[in-house]
Amino acid sequence: MSNPVTRGLKFREPLIFEMSTPGRYAHSLPASASSAPGKVNLPAGFVRDEAPLWPEVSELEAVRHFVRLSQQNYGIDVGFVPLGSCTMKYNPKINEEVARMDGFAGLHPLAPESWIQGALELYWTLERYLAEITGFDCVTLQPAAGAQGEFTALAMFRSRLIARDGNPRKTVLIPDTAHGTNPATCAMNGYKTIPIASTANGTVDPAAIAAAMTEDVAGIMVTNPNTLGLFESDITQIAELVHAKGGFVYCDGANMNSLLGRARPGDMGVDAMHLNLHKTFSTPHGGGGPGSGPVCAVSELEPHLPTPRVVKTDDGYTFDHDRPESVGRVKAFFGNFGMHVRAYTYIRELGCEGLKDATDMAVLNANYVRVRLRDHYHVPFDRTCMHEVVLTDKHQRKATGVQTRDIAKGLIDRGFHPPTMYFPICVPNAIMIEPTESESLQTLDTFIDAMIDVDETARRDPQAILDAPTKTIVGRLDETRAIRKPILRWHPEAGEDV
Ligand SMILES: *Cc1c(COP(=O)(O)O)cnc(C)c1O
């Protein structure tokens, strides 16, 4: 395989390791007595046998190396990322400015309560905002992601069932449109899952819940709107059926972007839900960096929330550690506090009316994409959707042999990040698009034109799409090898031919 960084370039500067020249360096530090060779008294076990293999380069070479790497990243600040269910909305820069204020960014996690009253006020207030937005009584900001929020809430259900009946029950119902984290969450909490097939309409039939719900079932995990972008309009009846047998209703809140300011899961019979601050509340998804998955719950579950809780007293804000029924801590300190500052800023910036507008635009944009693409792509559930729409490759696959994967690669050549592919798994070869409220009509039209161009090119010259991408640094990978034998760094011993 040729070196991805240099694909197509006849002349190129050497890569940073190739450029390494003994004695070249990027720093100018004064000589220090303690760091002079032979002066450091490290225990034998900590001393290296050989020098680390680091490139020896100048400052300019190091800067170019990292800036080039940064230019190889596609992100929301570079272009549209239509990943369905992931909600890749714009992360306003004011969020960053506020999160970088000394009083927030410079806090020590062990600072005494009296020094961090402002931070605790923000924490407490954000919990109240999220409770109000979702229609619940209490919130914990501790979980670090949606998946951890799910885990926390199911642990709370389990604790509650044990406290109430002395029996955590055995299973949880999960519709077939669910994200993979839902069954994983159940397994981590010791529950088996019972899959519930969606109807031809794309939603859950209350009759299926009535048939499956027994006193062995701890509850249901339902995503609303579901990952087909369709609102589960029988949610209230489903909740009644689950409650009638003593179970709890969990809402996977990853799709809250279609409800914000307009409807509240807490009013629909749901007992607990998570929010993904990095989806709905404009905090960065962060290239592996911190997310945040607060859990909102009804008052019956409040004693089981993670400890400690931030509480408001006459003397200010303080931590309550005295919570004997709590599921315990799920994250060090307060969770990812920097994300809380950003989400708080987003809510304050938009206000009630702004949140409603965001929801309306997100839903309008998804429907615009659906209607403009329906003559070119198969839309399995072609009715008004919420904030995302699912297409498939059915038309292209039959007529041209081009499949979902190839459509994704064709889009990359046309300058766009692909949508979510092959998910939800109940739709064969799904292509799931979520435009969010952030994108302009011009961007949506350009994206739609690119999708149409992929379709038309596939019909005219399928090989052109099967060969895509041709304009990227990396060509089509051997996907099996990439997963099983990933090569994630430059190997000096193998040179550029790895
Ligand atoms: C993103 C997502 C999750 C998991 O959330 P993370 O924050 O990535 O852990 C769960 N369910 C649905 C439907 C999602 O889209």
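Visitor: What makes the link between the side chains of glutamate 437 and lysine 89 a polar contact?
Guide: Their side chains are joined at 2.8 Å. A polar contact is a pair of N or O atoms within 3.5 Å; within protein, one must be able to donate a hydrogen and the other to accept it, and residues adjacent in sequence count only if both atoms are side-chain atoms. With 2.8 Å, the pair of glutamate 437 and lysine 89 is a polar contact. Before we go on, please note that this is a predicted model, in which local features need pLDDT of at least 70 and side-chain atom pairs count only at pLDDT 80 or more, while totals for chains, interfaces and linings use all residues. Residues are numbered from 1 along each chain as its sequence is written, and side-chain values use heavy atoms, with hydrogens and water left out.

Visitor: Why is glutamate 437 called buried?
Guide: Buried means under 20% relative accessible area, exposed over 50%, and partly exposed in between, with a 1.4 Å probe and protein chains only. Glutamate 437 has 15%, so it is buried. It sits in the loop between β12 (430–433) and α13 (441–460); helices (H or I, at least four residues) and strands (E, at least two) are DSSP runs, numbered from the N terminus.

Visitor: Which residues does glutamate 437 contact, leaving aside neighbours within four places in sequence?
Guide: Contact means heavy atoms within 4.5 Å. On that basis glutamate 437 meets Lys89, Asn257, Tyr346, Ala358, Met361, Ala362 and Asn365.

Visitor: Why is glutamate 300 called partly exposed?
Guide: Its relative accessible area is 34%, so it falls in the partly exposed class. Glutamate 300 belongs to the loop between β7 (295–297) and β8 (309–313). Its side chain makes a polar contact of 3.0 Å with the side chain of arginine 160. Not counting residues up to four places away in sequence, glutamate 300 touches Arg160, Arg164 and Phe248.

Visitor: Is threonine 283 buried or exposed, and how do you know?
Guide: Threonine 283 has 0% relative accessibility, so it counts as buried. You will find threonine 283 in the loop between β6 (272–274) and β7. A polar atom of its side chain lies 3.2 Å from the backbone oxygen of leucine 277. Beyond residues up to four places away in sequence, threonine 283 touches Asn91, Leu277, His278, Met339, Arg342 and Ala343.

Visitor: And why does proline 206 count as buried?
Guide: Proline 206 is at 8% relative accessibility, so it counts as buried. Its place is in helix α8 (residues 206–212). Proline 206 touches Asp234, Gln237, Ile238 and Leu241, again not counting residues up to four places away in sequence.

Visitor: What makes strand β2 largely enclosed by the rest of the structure?
Guide: Five of the five residues of β2 (residues 171–175) are buried, so the strand is largely enclosed. Both faces are covered, with Thr171, Leu173 and Pro175 on one side and Val172 and Ile174 on the other.

Visitor: How do you know that β2 and β3 pair?
Guide: Two strands pair if DSSP finds at least two bridges between them. β2 and β3 (residues 192–196) have five bridges, in the parallel sense. Threonine 171 stands opposite lysine 192 in β3. β2 is also joined to β4 by three bridges, running parallel, and there the bridge partner of threonine 171 is valine 217.

Visitor: What makes β4 mostly covered?
Guide: Seven of the seven residues of β4 (residues 217–223) are buried. Five bridges join β4 to β5 (residues 248–252), and the two run parallel. Methionine 221 stands opposite tyrosine 250 in β5.

Visitor: Which polar side-chain atoms lie by the ligand, and at what distances?
Guide: One of aspartate 252 lies 2.5 Å from a nitrogen atom of the ligand, and one of asparagine 276 lies 3.0 Å from an oxygen atom of the ligand. The protein covers 87% of the 380 Å² of accessible area that the ligand has on its own (Shrake-Rupley method with a 1.4 Å probe; for residues, only the protein chains shown count as cover).
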